[in-house]
Amino acid sequence: MQKKFVNKYIRQVKRFYKGNRKAKKQFICELRDALFCYCEKNPTATYDDLLSEFGVPSDIKNMLSFRTAKDLRKRNMLVHWILIVGICIIVLAAVAFTVFHVLARYDFSQGYSVEYFEDDPNAPRHVNPLTGKPDPTPITTITFD
């Protein structure tokens, strides 16, 4: 007979709970164990005794939602920190790329060296295919004999 009261109580608790299945399943198992232990200690317990000892199922719903909210907050904090770290990595990569690009453009603006063999005394200046302008004048010329 007590099993009938325990099952009724569990069904009502399940109806009130809306949320994470894993947390619900664990809580229901623990609650079922606690109810059966109480019934073993009190063999004459009725459904009203269960209500007075464990509370109304709607009260248990509030306890479950608090527990779920705590788990949800942990999950949200984890997502928050992963997002912060990801954004930091992207910003650092963008800054590093920009610095390397600016340094490369600075080096190019200071001039460059052209290497050609002595056989070609009239080496043509290269024309940039994108802008159509000739490259800047070389600073030094290295020849190989």
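The legends below describe close-up views of a predicted model.

**Figure 1. Overview of the chain and its elements in the predicted model.**
Four helices and two strands make up the secondary structure of the chain. Read from the N terminus, the elements follow the order α-α-α-α-β-β. Of the 145 residues in the chain, 17% are buried. When contacts between residues at least 6 apart in sequence are considered, 65% join residues at least 24 apart.

**Figure 2. Packing of helix α1 against helix α2.**
Two packed helices are described by the angle between their axes and the distance between the axes. Here the axes of α1 and α2 come within 10 Å, and they cross at roughly 155 degrees. That angle makes α1 roughly antiparallel to α2. The crossing of α1 past α2 is right-handed. On the α1 side the contact is made by Q2, K3, V6, N7, Y9, I10, V13 and K14. These residues meet K24, I28, L31, R32, L35, F36 and C39 of α2.

**Figure 3. K3 of helix α1 and its distance to F36.**
K3 is placed in helix α1. This residue counts as exposed because its relative accessibility is 55%, and the cut-off for exposed is over 50%. K3 and F36 are separated by 33 residues in sequence, while their C-alpha atoms are 7.9 Å apart in space.

**Figure 4. Packing of helix α1 against helix α3.**
The axes of α1 and α3 are 9 Å apart, and the two helices pack at an angle of about 50 degrees. The two helices are therefore oblique to each other. As with the crossing of α1 past α2, α1 passes α3 in a right-handed crossing. From α1, the residues in contact are F5, V6, K8, Y9 and Q12. Their partners in α3 are Y47, L50, L51 and F54.

**Figure 5. The aromatic pair of Y9 and Y47.**
Two aromatic pairs are present in the structure. In one of them, Y9 and Y47 are arranged edge-to-face, with 6.3 Å from centre to centre and 65 degrees between the planes. Y9 belongs to helix α1 (residues 2-16) and Y47 to helix α3 (residues 47-54), so the pair ties together parts that are 38 residues apart in sequence. Y9 and Y47 are both buried.

**Figure 6. Surroundings of the Y47 ring: K8 and Q12.**
K8 lies over the face of Y47, 4.4 Å from the ring centre. Q12, found in helix α1, is also in contact with Y47. When neighbours within four places in sequence are left aside, the contacts of Q12 are with Y47 and P57. Q12 counts as buried because its relative accessible area is 18%, and the cut-off for buried is under 20%.

**Figure 7. Packing of helix α2 against helix α3.**
An angle of about 120 degrees describes the packing of α2 and α3, whose axes are 11 Å apart. That angle makes α2 oblique to α3. The crossing of α2 past α3 is right-handed. L31, A34, L35, Y38 and C39 of α2 make the contact with D49, L50, E53 and F54 of α3.

**Figure 8. The aromatic pair of Y38 and F54.**
Y38 and F54 form an edge-to-face pair, with 5.7 Å between the centres and 85 degrees between the planes. Y38 lies in helix α2 (residues 21-41) and F54 in helix α3, and the pair links parts of the chain 16 residues apart. Y38 counts as buried at 17% relative accessibility, whereas F54 counts as partly exposed at 23%.

**Figure 9. T46 in the loop between helices α2 and α3.**
The loop between α2 and α3 holds T46. At 33% relative accessibility, T46 counts as partly exposed. T46 and K4 are 42 residues apart in sequence, and their C-alpha atoms are 9.8 Å apart in space.

Terms used: Residues are numbered from 1 along each chain as its sequence is written. This is a predicted model: local features need pLDDT of at least 70, side-chain atom pairs count only at pLDDT 80 or more; totals for chains, interfaces and linings use all residues. Side-chain values use heavy atoms; hydrogens and water are left out. Rings of Phe, Tyr and Trp (its six-membered ring) pair if their centres lie within 6.5 Å; planes under 30 degrees apart count as stacked, over 60 as edge-to-face and the rest as tilted. Buried means under 20% relative accessible area, exposed over 50%, partly exposed in between (1.4 Å probe, protein chains only). A charge sits over a ring if NZ of Lys or CZ of Arg is within 6 Å of the ring centre and within 35 degrees of the ring normal. Axes are lines fitted to C-alpha atoms, for helices over the stretch in contact, and angles run from 0 to 180 degrees between N-to-C directions. Angles under 35 degrees count as roughly parallel, over 145 as roughly antiparallel, 65 to 115 as roughly perpendicular and the rest as oblique. A crossing is left-handed if the near helix is turned anticlockwise from the far one by less than a right angle, and right-handed if clockwise. Contact means heavy atoms within 4.5 Å.
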